[in-house]
Amino acid sequence: MRDTKFAPCTSEPKSVSDDLRRLYNDQILSDIRLETKSKIFHAHKNVLCAKSPVFAAMLTTNMKKKLIDCIEVEDLEDSTVKQFLLFLYTDILEDLQWESAMKLYYAADKYQVQRLKDLCTSFLITGLNRRNIGDLLILADKHQDSVLMTAVEKFICMREKQIFCTDEWESFMETHSELAMKTMYFYLKNGRD
């Protein structure tokens, strides 16, 4: 048996994430479109199915009857779809800001991409302040997210006067009275423990 020698590798190693990003960016062999109100995004059914049970069900149910080559996502903004697809392909979140995290959270919940939802939840919780608690209470309530709701409620309990004695909270009580009432009940029941 001969001893085989290999020349040292001089090229930069690429990750699977880099390869999938290139596949997405270059639209290589894309076989499905996601359409917003103003833009078309090319993607791959295999990636969508692998990352989202909702896409998997959508694309594999009754395949003999119809072949889907387009999914309308008119409830998502172009920038959200772009970030969402990039995450599906690479598992990377780039340039996450408060507003984009709120929108990506919605997309992650809708398409059941739990890892993205968890990352957005974590980002939103770390950015909690007295000005945005109302937005997170609404988001948690709308999506029935007990983890997010509990985090917001605990934040409020630790800062009761800083929250309840603000113009923001007064405005929130006027526009979302039932949710404000539930939150205040949680505070009265648990806040002094």
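Reader: Say a pocket is an open set of points on a 1 Å grid over the protein atoms alone, where a 1.4 Å probe fits, with protein on both sides within 12 Å along at least five of seven lines. What volume does the largest pocket have?

Author: About 320 Å³, counted as the space filled by probe spheres set on the points. This is a predicted model, where local features need pLDDT of at least 70 and side-chain atom pairs 80 or more, while totals for chains, interfaces and linings use all residues. Residues are numbered from 1 along each chain as its sequence is written, and side-chain values use heavy atoms, leaving out hydrogens and water.

Reader: Thanks! Which residues lie nearest the centre of that largest pocket?

Author: Tyr24, Phe41, Lys82, Gln83 and Leu86, out of 18 lining residues (those with an atom within 4 Å of a point).

Reader: And which element gives the most to that lining?

Author: Helix H4, with five residues. The elements giving two or more are H1 (16–25), strand E2 (40–43), H4 (78–90) and H5. Helices of at least four residues and strands of at least two are DSSP runs.

Reader: How does the lining of the largest pocket split by class?

Author: Four nonpolar, seven polar and seven charged residues. Asp, Glu, Lys and Arg count as charged, and Tyr and Cys are among the nonpolar ones.

Reader: Nice. What lines the second largest pocket?

Author: Met102, Lys103, Tyr106, Asp135, Ile138, Leu139, Lys142 and His143. The volume of this second largest pocket is about 190 Å³. Helix H7 (133–142) supplies the largest share of the lining, four residues, and H5 also supplies at least two.

Reader: And its classes?

Author: The lining of the second largest pocket has four nonpolar, one polar and three charged residues.

Reader: H5 keeps turning up. At what angle do the axes of H5 and H6 cross?

Author: Roughly 150°, and the axes of H5 (98–110) and H6 (114–126) come within 8 Å. That makes H5 roughly antiparallel to H6, a label for angles over 145 degrees on a scale from 0 to 180 between N-to-C directions.

Reader: Which residues of H5 and H6 make the contact?

Author: H5 brings Trp98, Ala101, Met102, Leu104, Tyr105, Ala108 and Asp109. H6 answers with Leu116, Lys117, Cys120, Thr121, Phe123 and Leu124. Contact means heavy atoms within 4.5 Å. By class, that contact of H5 with H6 has ten nonpolar, one polar and two charged residues. Met102 of H5 also lines the second largest pocket.

Notes
Angles under 35 degrees count as roughly parallel, over 145 as roughly antiparallel, 65 to 115 as roughly perpendicular and the rest as oblique.
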